[in-house]
Amino acid sequence: MEKLNADVARDILSWRYEQPYDFYNNEQTPEAISEMLADSYFSVFDDNKELVGFFCTGSSAQVPNESYTYSQGFIDIGLGMRPEFTGQGNGTLFFTAVLSQIDTMVGKSSKRLTVAKFNDRAIQLYEKLGFSREAEFVKGSTVFIVMVKVEA
């Protein structure tokens with residue numbers, strides 16, 4: 001895992017997911033690339049140095065909205081996996097590696113993530129790895145679930 005560079009950002013922004021996950025498709029704009037080059041975005045590679053995904057932390061991982069306030073005391077996590085690796089049982093290994101890397105970077109701490117409610121695959125993975133549902137909010141036409149994993 002390493003800090004994301006411009007080539008990786010362009011690659012990620014070109015990923016295209018099948019419905020209903022096409023909600024996560026992005027456009028390759030200068031603004032989107034600039035955001036991904038901020039300090040909080042990291043690339044995840046496999047043993048063959050192939051890009052399998054990315055993660056971000058902090059405010060980049062939050063979904064701006066009118067009703068839920070992101071409190072202090074949590075590391076916010078956002079992540080994405082290359083479309084061809086999704087839905088094949090790769091999530092546990094991928095997300096476990098991300099969580100381990102975050103613990104290495106900042107120490108053991110309580111974590112929070114925000115996920116679209118329709119994304120059952122991701123929610124099941126997060127629950128399997130110890131996250132629980134804390135809140136829901138609506139932004140536009142999408143319902144989001146905020147999930148937390150509290151470290152003692």
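How much space lies in the second largest pocket? In this predicted model, the second largest pocket holds about 200 Å³ of space. Its lining is made up of Val44, Phe45, Asp46, Val52, Met81, Phe85, Asn90, Leu93, Phe94 and Ala97. Two elements, β2 (41-45) and α3, each give two or more residues to the lining of this second largest pocket. The largest share comes from α3, which provides three residues. Sorted by class, the lining of the second largest pocket comprises eight nonpolar residues, one polar residue and one charged residue.

The largest pocket has a volume of about 1400 Å³. A total of 49 residues line the largest pocket. Those lying nearest its centre are Tyr24, Phe54, Gly78, Leu79 and Gly80. By class, the lining of the largest pocket consists of 27 nonpolar, 17 polar and five charged residues.

Both helices and strands contribute to the lining of the largest pocket. At least two residues each are supplied by the helices α1 (6-13), α2 (30-36), α3 (91-106) and α4 (120-128). The strands β3 (51-57), β4 (75-81) and β5 (111-116) likewise supply at least two residues each to the lining of the largest pocket. The element that gives the most to this lining is α4, with six residues.

Technical notes. Residues are numbered from 1 along each chain as its sequence is written. This is a predicted model: local features need pLDDT of at least 70, side-chain atom pairs count only at pLDDT 80 or more; totals for chains, interfaces and linings use all residues. Side-chain values use heavy atoms; hydrogens and water are left out. On a 1 Å grid over the protein atoms alone, a cavity is a set of points where a 1.4 Å probe fits but cannot get out, and a pocket is an open set with protein on both sides within 12 Å along at least five of seven lines; lining residues have an atom within 4 Å of a point. Grid points are joined across faces, edges and corners, and a volume is the space filled by probe spheres set on the points. Helices (H or I, at least four residues) and strands (E, at least two) are DSSP runs, numbered from the N terminus. Ala, Val, Leu, Ile, Met, Phe, Trp, Tyr, Cys and Pro count as nonpolar, Asp, Glu, Lys and Arg as charged, and the others, Gly among them, as polar.
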